[in-house]
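Colleague: I am new to this structure and would like to learn how to read its features one at a time. Could you take me through them with the general idea first and the case at hand second?

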Amino acid sequence: MNIFRYGLMLLSATMLAVSACSNDEPLVHYEPPQPQPGPDPDDEYVIVCDFETKDLNFSTNDALQYSVIENPNKQNGNESDHIGQVISGGGQWELIYSEELDEAFDFTRDGAKFTMKVCSPKVGGKIYFKLEGAGVEAQEITDVVSVTANRWETLTYDFTDRNLPDGKYNKVVLLFDAGETGSGETWLFDDIFQMKGEGSDPTPTPDEEQVVYSDFETSDLEFQVSGSEDMQYEVVENPVTDGNESAHVGKVVTGSGQWELLYSKDLEEPFLFSKYGAKFSVKVYAPKAGAAIYFKLESSSGAEAKEITNVTSSEAGKWVTYTYDFGTMNLPDYTYDRILLLFDAGVVAADETWYFDDVTGPKGEAKGEPQPTELVDYCNFEDVTLQFNINESDLPMQYEVIENPYKTGINTSDHVGHVTSGGHEWELLWSTPMAAPIRFSNGGVFKMKVYSPKVNGKVYFKVEGTGVTAQEVTDVVVPNAGEWTELTFDFTSRNLPDDKYDKIVLLFDAGETGSGEDWYFDDIQGPDNGQSATLMQRVGDGPVLTYGPTEPRWRCEHIANAAILTPDETPDGKWRMYIRGSGYDENGEYHDQIGLFTQEASNFKPGGPWDEYPSNPVIAHGEPGTCDELHLLDCAPCVGADGEVWFFYQAVRGTLDNKQGSLACRHSTDGGYTFTAGKQIRDRVGCSDALYHDGKYYIYYGYNPGDGTLKVDCSITSNPESLVGAEAHTVLLPGGGPDEFDALSVNGTRIFRLNGIDKWFMVYQGSDRHFDFPDRFHVALSDDLIHWTKVQNPQPFFERGAAGRWDQGGIWFGEVIEVDDMLYMYYEGWGCEGNVPDRDEPYFAGGHSSTGCASVSKAAFLEWCGLSF
């Protein structure tokens, strides 16, 4: 982030363009991007609990901690003064429960849909919402999860379809991270509202997107009995036409089984959820109220069964339509083709008579013949890589990427994966999550080349993901030893869902205990997953460092603009990352400050963890009246003469109404732990990078010449504390990049060299639409650090994340390091998890800055640049 980030620049039409070495640069005004509140409910609602006017006085019997606290995160859609806080205690089903309400819920008058604001510590956390009352069956919604982390979101719980009686339910029970055993996680919640008039029609009628699959007149699913030897099922004349005028209905007489059920014939046209929705309904005449009526979907092709289990009979002796909505489960098309019904599920109650009718659901369609799909590279150890890991329990198994020792036959690649078996029966490799999960709608076939030390060695191929059942192919063997063989692993028949599986697991010589055997593999290919065609590929599925209310206060809003010193540049031989954190000081005032994180050189992991310096921020904002009294950001540490660290950065001074930015520096003589006070060296420009070469300091900074564009200048000086008399050059101008993607602005330069390559490389950010909200990185080359040539390769070097990803907005400052012939880039990404109205709007509401990582092999990068290695 740079000085211009804080808002749209307002320039007078009378401002004149000036040279880079002038002292009369145009003034820039900006405001910090404070998190914006989200919308409150638009419709009328009943306040159940807001911790201001109403408090349910929650209690707990578990190890978790519950309290009402002052809101620590008065942004992102919740400006309340007080909220509820839950700190998990490690129990799987720990909960909080309210006192009894003065007046039980009236669903007819006030609706049966509830909303609640939650600030979750993680994406995908399950939050159960439960209603209880005397003499009625508890009702619970269990399929709601957090879609973002560390920001307020509004969750919805809709009990409308359950036809709950009025005046009975008077308690609320909440379970955070239900079913998990995490301890010490902090969950915040607020504003439990009952939405008046909200909810779907409890008696939907079939329309053009719905089909009556079984009305026992013109359609019949030909149900069969399972799970019981004495349960009875038949189609009979309707004995009760009040509320259902059908001539015939299904009749069930329960037997002695706890989980007895009916299952339908297989449909010729499986459900097409993406086109027709995922809502089902069935009319039921129940012998009693409060009995569970399960509705389940199965797949004849073997996909995991899905069921809704939270619907209960609301009345006895009356026809009632019950609705089951599978919409939140994101089920795949052309997969589910069987319906199952369970009456009084989980209870042994023989000889009860149930009637049902009008089983209705979304339309289905027959899947067309699959067209051959071209496989794409998932990992070839050249320009596309996966980071594989081994479990400590599998040691002494070894894994590394090496030069191909057998460039013969079908594989003449330069690099391959090498596994040396450790003697365990089920030792394995597992990949970090892929940035783009697998899209099985594009095919289910994977291929991999393997060089086996033995004949008929078993190779298992497994895919995993969050919230889905792992799938593996275990019947593939390598027929020959001592030669490259391409193996095929086919998941096609399993009809797996898109965008759920994002990890690959490999087992070589699976089930055997051979030790010291050498296996080689290469060229993993699979269905097109829509991965961006960028050269750099993301490491992992999320940021390396992120913000949030549970993070230290100094960086709870943003953490970005990483700048790294290598082990050769640090006195302790560690990787050292300086980074800007945005948050609050001990007085509750908002500041940008600089923190320090480290990693051991001997065990470097690009995805972290990075160890935080205990005294962060290592450089705090300055005293009143100094050049950085408000903020420090966009840092560029530089090891100069005598090994001393010079720290260049963007300094911000002034008041809330009149902020001024400048290029400043500090100095450290202890290797980068303590620094002198900030010194302004050039006003009204932003820091990009700095380096020391041949006895001179090259200091790069973003600059607006007064025409609404953004360019990069460089001052060359022997005195890092002053640019007086410095040699100044404009080194990078807007435009000239591929497709003119950088026609309006360029900035955020990061400069590096590679071992064995006599060339300087510059990563820069650019945009053709925005002054300071870039969506793409590119590279320029130089022999002298002054004259730079943009690489003319149309393939993007790196781009912002896809819509809905954490970095879907803008990206800045691509900091590149070289480790073992791999390049890793740390970058700032602006965004949030989930869809936003307009991700092209600069600094859209609800967004934050986090730090991500991407990688590419050195060889692939040089080839992309048109250079040899």
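Colleague: Is D772 buried or exposed, and how does one read that?

Modeller: Burial is read from relative accessible area, where buried means under 20%, exposed over 50% and partly exposed in between, with a 1.4 Å probe and protein chains only. D772 has a relative accessible area of 6%, so it is buried, and its place is the loop between β48 (760-767) and β49 (776-782). Helices (H or I, at least four residues) and strands (E, at least two) are DSSP runs, numbered from the N terminus. This is a predicted model, in which local features need pLDDT of at least 70 and side-chain atom pairs count only at pLDDT 80 or more, while totals for chains, interfaces and linings use all residues. Residues are numbered from 1 along each chain as its sequence is written, and side-chain values use heavy atoms, with hydrogens and water left out.

Colleague: How many helices and strands does the protein have, and how compact is it?

Modeller: The secondary structure comes to three helices and 54 strands. The radius of gyration, taken over C-alpha atoms, is judged by the globule rule, 2.2 Å times the number of residues to the power 0.38. For this protein the radius is 31 Å, close to the 29 Å that the rule gives for 869 residues, so it is as compact as a globular protein of that length. The C-alpha trace spans about 100 × 75 × 50 Å along its principal axes, and 55% of the 869 residues count as buried.

Colleague: Which residues of helix α3 are buried, and what do they pack against?

Modeller: In α3 (residues 858-865), six of the eight residues are buried, namely K858, A860, F861, L862, W864 and C865. Contact means heavy atoms within 4.5 Å, and the buried residues of α3 pack against β47 (745-752), β48, β49, β52 (811-819), β53 (822-831) and β54 (848-857). After α3 comes G866, with a positive phi near 80 degrees. Between D772 and G866 there are 94 residues in sequence and 29 Å in space, C-alpha to C-alpha.

Colleague: What does K251 touch, once residues up to four places away in sequence are set aside?

Modeller: K251, in strand β14 (residues 248-253), touches Q232, Y233, E234, V236, T353, W354, Y355 and F356 on that count. K251 and E237 are 14 residues apart in sequence and 9.2 Å apart in space, C-alpha to C-alpha.
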